[in-house]
Amino acid sequence: MYDFVVVGVGPAGARFARRAAERGHDVLALEQGTIGTPLACSGHVSTDIWSVTGECAREELLQNEIHGARFHVGGPRSDAYPFYKREVASNVIDRVGLDRHLADLAREAGADVREHHSVTSVTERRDRVEVVASGPDGPTTFQAKMVAGCDGPRSRVRQELGLPEPDELLHGVLAFSEESDHEDFVDVHLTPPTFFAWRIPRGEAGVEYGLAAPPGVEVTKHFEELIDGYEIDVAHRCSGAIPIGPADRVTSRRGFLIGDAAAQTKPFTGGGILYGTTAADHAAREIDPERPTTLAAYEHAWREDLKRDQQLGHWLRRAYSLPEPIQRVGLSALSGEIGVHMDRPTSLVSPTHLKAMLSRLRP
Ligand SMILES: Cc1cc2nc3c(=O)[nH]c(=O)nc-3n(C[C@H](O)[C@H](O)[C@H](O)COP(=O)(O)OP(=O)(O)OC[C@H]3O[C@@H](n4cnc5c(N)ncnc54)[C@H](O)[C@@H]3O)c2cc1C
């Protein structure tokens, strides 16, 4: 009998497995495929990422440093409204490498991490959970005191536990060109309805072009328009789902969700690596596998930490759907130096940001 069976070894699952193992729990973590693949993520993160990695990670994973973003109401040739920081605002990292690195840290902490084990069913009993996984030796049933569903936006565990779905699932697409580009700005295009498209310079790893939008939007058509506008050839197309808007409940009797499975993402960018790992830390700290009542403490802790930023993030996203003339006026008025933390929109009212805004008034 394990203390925890963790389903899915992306950033959220690996982080929880590591933290729970460090606390002395017996942890089995099951990944359906090979860790880190297939890629469906830009790996554009705040510098806080290095607080969840181990030694030497920065040298191995960092691809580029970013100071700001140029917003465009139209395509590549439209006016640019730059928002920037004096210091490095964010990093572009090797996302496949990140997943492997975090999984290695979980193993080093004592978690039993197994690839090629696809979980097909989860049954909650009064005193345990039964998790069936299909692996190289056929189906196997594992027993645990609790199950952690860290299996991404289309979570099987969420479905098996009868937990509610996130509010929305966006469709994201990515492709890469081979030009090396060390520029320190990303470009953001507010052209697809209700979300955005982007261009991310990844240093020697090429340039990434991407787009996300809700169901019903012709994502491929908008993406082709973006690529045509930049006049480049792209390869390695990939796609994935982005959950927005966590449900009211992400815990059951002996199960809980972390990361994309729980829609712990930023509503205004879809980014979820740091919210997922943050929630994983709350889960490892609060949940005692012997006491299912501690699941309530996890629900409370992660929402307390991320709720205000997610609420403000929803409001920021609404600005993507404002009429174009209003977007232009707003971007023009607000662009320039900022002091906002990219994961924490509540830092719009921080002293750092206010100082940056006031510095623009100086002659
Ligand atoms: C196009 C796109 C671009 C993005 N760009 C960024 C970005 O720049 N920055 C950022 O912070 N976030 C970004 N995101 C979001 C980010 O990828 C997710 O928030 C993050 O991966 C969530 O981590 P996770 O561990 O919760 O889930 P995942 O990374 O999805 O990991 C879930 C794991 O569970 C495994 N799994 C699924 N089902 C099962 C099963 N039945 N049994 C066993 N294993 C299973 C999967 O194989 C996977 O490895 C992007 C997403 C998309 C789609």
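At roughly how many degrees do the axes of helix 1 and helix 6 (residues 273-286) cross, and within how many Å do they come?

Modeller: This is a predicted model, in which local features need pLDDT of at least 70 and side-chain atom pairs count only at pLDDT 80 or more, while totals for chains, interfaces and linings use all residues. Residues are numbered from 1 along each chain as its sequence is written, and side-chain values use heavy atoms, with hydrogens and water left out.

The axes of helix 1 and helix 6 come within 8 Å and cross at roughly 25 degrees. Here axes are lines fitted to C-alpha atoms, for helices over the stretch in contact, with angles from 0 to 180 degrees between N-to-C directions; helices (H or I, at least four residues) and strands (E, at least two) are DSSP runs numbered from the N terminus. The two helices are therefore roughly parallel to each other, a term for angles under 35 degrees, as against roughly antiparallel (over 145), roughly perpendicular (65 to 115) and oblique (the rest).

By class, the contact of helix 1 with helix 6 has eight nonpolar, two polar and three charged residues; Ala, Val, Leu, Ile, Met, Phe, Trp, Tyr, Cys and Pro count as nonpolar, Asp, Glu, Lys and Arg as charged, and the others, Gly among them, as polar. Arg15, Arg19 and Asp281 also belong to a network of salt bridges that includes Arg18 and Glu22, a salt bridge being a side-chain nitrogen of Lys or Arg within 4 Å of a carboxyl oxygen of Asp or Glu.

Helix 1 (residues 11-22) has a further partner in helix 3 (residues 95-108): their axes come within 8 Å and cross at roughly 20 degrees. That angle makes helix 1 roughly parallel to helix 3, and this crossing is left-handed. Pro11, Ala14, Ala17 and Arg18 of helix 1 make the contact with Arg95, Asp99, Leu102, Ala103, Leu105 and Ala106 of helix 3. Seven nonpolar, no polar and three charged residues form the contact of helix 1 with helix 3.

Arg70 lies in strand 5 (residues 68-72) and Asp187 in strand 13 (residues 185-189), so the pair ties together parts that are 117 residues apart in sequence. Asp187 is buried at 5% relative accessible area; buried means under 20%, exposed over 50% and partly exposed in between (1.4 Å probe, protein chains only). Glu337 and Arg86 form another salt bridge, at 3.0 Å from N to O. Glu337 is in strand 18 (residues 336-337) and Arg86 in the loop between strand 6 (81-84) and strand 7 (90-93), 251 residues apart. Glu337 is buried, with 13% relative accessible area, whereas Arg86 is exposed at 64%.

Terms used: A crossing is left-handed if the near helix is turned anticlockwise from the far one by less than a right angle, and right-handed if clockwise. Contact means heavy atoms within 4.5 Å.
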